[in-house]
Structures are given as C-alpha cells and as structure tokens.
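Student: Hi! Could you walk me through this model?
Tutor: Happy to, let's have a look together.
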Amino acid sequence: MTLHRTFHSIFLIGAGLSGLNAQELVTKWDVEIPVLITDGTPSQPALKPEPIDFKVLNSRTSRMDVTEAPEMADLPPITGTINVTVQAVQDPNLLDPPAPLPALPPNDPAVIARLAELKEKYRGTELVFLSATVYDHNRTLLRIYPNGRVGDAVTAWSNLNFNHFSGFSTYRVKDAQDGTLYDFGLLMGIGGIDTRRWKEIAEARGIEYKGPEVPEIPKIPDLADAGPSFILVEGDTNSPAMDTLEQIHDLYRKEGERMEEAYHAREKAHAERKAYLLANPPKPEDIVIKFWERDPSQSK
C-alpha cells in the first residue's frame with residue numbers, strides 16, 4: 001500500500017482523529033448485535049430423559065485410576081479412583097430411530113421454486129475471519145481475512161479491547177441506503193499480551209525486558225477521548241476487509257457499553273467459579289456401562 005493511501009486511511013477511518021464524537025459520525029451502516037451477549041450466567045440444564053428400567057442379568061465391577069481434564073485450563077487435572085461397572089441387561093425394546101426422509105426430486109418445479117424463494121429471502125450468514133492480539137487491554141492488532149482470502153487481508157491497530165467481542169458469535173449490518181440486512185458470523189482467534197506483567201517477570205529474573213516483537217504501536221487516541229478508532233498499517237483500502245474493519249468499530253460505537261459490561265460479568269463469573277473449584281476439587285465419577293443383545297422380533 002502506498003504512503004498516500006496510508007495517510008488517506010488514517011484521515012478517513014480513524015474516527016477519533018477527526019475530533020468527531022459518536023453522535024456526529026455519519027456511517028454507511030447500522031450495526032447491532034441481535035442476540036444476547038454471554039455474561040457468565042449458567043445455561044439452563046438440559047432436560048433429563050425418563051429413566052429406563054433395565055433388568056440386570058449380570059454385573060462386574062473393577063477399580064480404575066483416572067486423570068481427567070479440568071473444567072478450566074489453569075486448574076489442576078481431576079484425578080482419583082473410580083468404579084467401572086459393566087452390566088449385561090435384558091433387551092429394553094427401545095423404539096427404532098425414525099427412518100430418514102426421502103430425497104427431494106431435484107427437477108420438481110415446487111422444489112425449485114421453494115429453493116429460489118429461500119435464496120431470495122434468507123441470505124444466510126457470511127463469515128468474518130479475524131485475528132486479534134490485545135495489548136495491555138487497550139490496543140489490539142487486527143488482521144482481517146475477507147472470506148478467508150489471505151491476499152485481501154488488511155492489518156490495523158485499534159484502540160479497542162477486543163476481548164469485549166468474545167461474548168457473541170453473530171452481528172447484523174443494515175445498509176443505510178437500501179435497508180438490506182446482512183448477518184455475519186464472527187470467527188475470531190484472540191490472544192492477549194500484558195507487557196507490564198512480562199516486564200515484572202523479567203525484572204524478577206534479572207532479565208532485560210525489550211517488549212514484544214511486534215511493529216511499533218502507532219499513536220491512537222484513547223477510547224475514552226475519541227471513541228472507537230483504528231489506523232490501517234497494511235493492506236489495500238479497496239479490499240472488502242475494509243468494510244468489516246469499519247463495521248466492527250461502528251458496532252462497538254453502538255453496542256460497546258453492553259459488550260464491556262458483559263465482558264466484566266464473564267470475568268467475574270469465571271473468577272467465582274474458579275475459586276469454588278479450588279475450594280471444592282471435583283472428583284471423577286463412577287462409570288456404568290450397560291449392553292444387551294437385541295431381540296429382532298421385538299423391533300418396532
């Protein structure tokens with residue numbers, strides 16, 4: 001990308017650099033999150049199926065030492081000795097699964113018309129491939145790949161903490177001119193670097209800390225001072241990834257408060273759950289395996 005394009009991008013796209021506030025900005029889209037944002041509230045447990053009254057014919061139990069993965073990556077593994085019971089039971093005569101539906105005739109006019117209607121009314125969800133590395137919770141290095149195409153990728157620095165984008169999977173864009181709605185699925189790989197923490201570790205070990213091996217972070221106004229802003233550092237301004245880059249910043253401009261609140265709620269719930277698990281280490285559960293020989297005459 002030419003130097004001219006770089007400065008042109010900074011002037012047009014860096015919303016905070018122009019001194020405009022969120023109310024004064026004119027955008028090409030209305031961007032929103034049409035679903036709830038995950039805030040750490042546990043999901044409703046799935047309904048348990050009615051228990052089956054098995055008639056045990058014979059049973060054998062053995063002891064086994066097991067190691068299981070913890071619920072959270074930074075907790076110790078779950079270890080213990082469990083009972084493994086294998087039971088031969090009488091055939092409970094469970095219902096057969098339903099037969100698969102017959103294939104639709106590909107040349108049926110009704111099928112063709114219905115597929116055309118669905119294609120016209122339901123655009124489906126387009127995918128956004130985004131890599132985000134968050135530095136010190138206030139700057140993020142973004143790489144966006146439109147439809148996964150590396151050749152059209154753009155790289156930008158943002159003054160947003162993209163951890164706030166991790167509580168939802170889709171967002172909706174409404175074109176300001178014709179009102180067309182587009183749904184986007186966010187496929188985001190995210191990581192974080194706390195340079196202050198790394199500096200403390202280095203100093204404790206008597207090592208000189210030189211900072212992360214990344215391009216120098218450009219000067220971007222703070223979010224509190226200028227709103228969501230970004231600076232393009234690599235890529236073509238004509239890339240379709242530029243639309244995504246603008247849209248996700250417009251999204252934060254509208255939904256940022258809700259996104260941040262949900263993020264802090266998730267972090268709080270995570271900390272509380274971790275403390276509980278440390279105080280009450282889980283134990284592996286016993287296993288019961290039931291098997292039977294099916295009676296073909298009883299198939300339904």
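Student: To start, is tyrosine 252 buried or exposed?
Tutor: Tyrosine 252 counts as buried, because its relative accessibility is 6%. Buried means under 20% relative accessible area, exposed means over 50%, and partly exposed is in between, with a 1.4 Å probe and protein chains only.

Student: What should I know about the numbers before we go on?
Tutor: This is a predicted model, where local features need pLDDT of at least 70 and side-chain atom pairs count only at pLDDT 80 or more, while totals for chains, interfaces and linings use all residues. Residues are numbered from 1 along each chain as its sequence is written, and side-chain values use heavy atoms, with hydrogens and water left out.

Student: What is the average pLDDT of the protein chain?
Tutor: The average is 85, and 87% of the residues score at least 70. pLDDT is the predictor's confidence in each residue, on a scale from 0 to 100.

Student: And where does pLDDT stay under 50?
Tutor: Over residues 1–24, for which the model has 32 contacts beyond four places in sequence; a contact means heavy atoms within 4.5 Å. Where pLDDT is low, the predicted coordinates should not be read in detail.

Student: Back to tyrosine 252: which ring is stacked with it?
Tutor: The ring of phenylalanine 165, with the centres 5.9 Å apart and the planes at 25°, so the pair is stacked. Tyrosine 252 sits in helix 5 (residues 241–279) and phenylalanine 165 in the loop between strand 6 and strand 7 (170–175), 87 residues apart. Rings of Phe, Tyr and Trp (its six-membered ring) pair if their centres lie within 6.5 Å; planes under 30 degrees apart are stacked, over 60 edge-to-face, and the rest tilted. Helices (H or I, at least four residues) and strands (E, at least two) are DSSP runs, numbered from the N terminus.

Student: Which residues make up the cluster of ring pairs?
Tutor: Phe162, Phe165, Phe168 and Tyr252. Phenylalanine 165 is buried, because its relative accessibility is 1%.

Student: How many aromatic pairs are there in the structure?
Tutor: There are 6. One of them joins tyrosine 135 and tryptophan 157, a tilted pair at 5.5 Å centre to centre with 50° between the planes. Both residues, tyrosine 135 and tryptophan 157, are buried.

Student: Switching to charges, how many salt bridges turn up?
Tutor: The whole structure has 12, where a salt bridge is a side-chain nitrogen of Lys or Arg within 4 Å of a carboxyl oxygen of Asp or Glu. Among them, lysine 274 bonds with aspartate 74 in a salt bridge whose closest N and O atoms are 2.8 Å apart. That pair links helix 5 to the loop between strand 2 and strand 3, 200 residues apart.

Student: What about arginine 139, which residue does its side chain meet in a salt bridge?
Tutor: Aspartate 222, at 3.0 Å from N to O. Arginine 139 is buried, with a relative accessible area of 11%, whereas aspartate 222 is partly exposed at 40%.

Student: Last topic, the sheet: what is the strand order?
Tutor: The order is 2-3-10, in an open sheet of 3 strands with mixed pairing. Strands pair if DSSP finds at least two bridges between them. Strand 2 and strand 3 (residues 78–89) are antiparallel over 12 bridges, while strand 3 and strand 10 run parallel, joined by 5 bridges.
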